[in-house]
Amino acid sequence: MKNPLEGGLITSWLSLTHIQMKVAGELEAKLQENFGWSLNEFYLMFFLSEAPEKKLRLQQLEAMVGLSQSAVSRLVSRFEAKGCGALQRTVCDDDRRSIYTSLTPLGQEKVDRAQVTVNEVLHEAFPRAETKLLLEQMLQLPQQ
């Protein structure tokens, strides 16, 4: 006989995955429309804007953005190739093998503007009352 608790967990997981994919698609479309950025490019810029001194090693960005080392390197290279002056790469003084990517002041202005768009999409996708109810329902699932 099927365990009803497991079915509830799977259903909740699939619902959460569906919501995440839908919102990610909306974010991607708005960022592309307004800034010519992918969602991963926004994540890259956002994480750099939040980092101390606005710089991170490529290896740190891998874990944060959720991409492989080569994918992050290509992402940074494509972003730099756009010629927008938002990013700057430097070699680490302590370890010449490590490369830092840093956000320029112009890049900070760009990510600040993009963050307004991201917040608008998220507020539209997750009205406060509905989000609170959804989170409460998820937290009330019985523990195994």
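Let me start with helix H4, residues 69-81, in this predicted model: at 1.5 Å a residue, taken times one less than the number of residues, its 13 residues should span 18 Å, and since the end C-alpha atoms are 18 Å apart, the two values agree. Helices here are DSSP runs of H or I with at least four residues, strands are runs of E with at least two, and both are numbered from the N terminus.

Which residues of H4 are buried? They are Ala71, Val72, Leu75, Val76 and Phe79, where buried means under 20% relative accessible area, exposed means over 50% and partly exposed lies in between, with a 1.4 Å probe and protein chains only. An α-helix has 3.6 residues a turn, so residues three or four places apart point the same way. On the other side of H4, Gln69 and Ala81 are exposed.

The buried residues of H4 pack against helix H2 (39-50), helix H3 (58-65), strand S2 (87-91) and strand S3 (99-103), a contact being heavy atoms within 4.5 Å.

Stepping back to the protein, there are 6 helices and 3 strands, in the order α-α-β-α-α-β-β-α-α from the N terminus on, and 30% of the 144 residues count as buried.

On conventions, residues are numbered from 1 along each chain as its sequence is written. Local features need pLDDT of at least 70 and side-chain atom pairs 80 or more, totals for chains, interfaces and linings use all residues, and side-chain values use heavy atoms, leaving out hydrogens and water.
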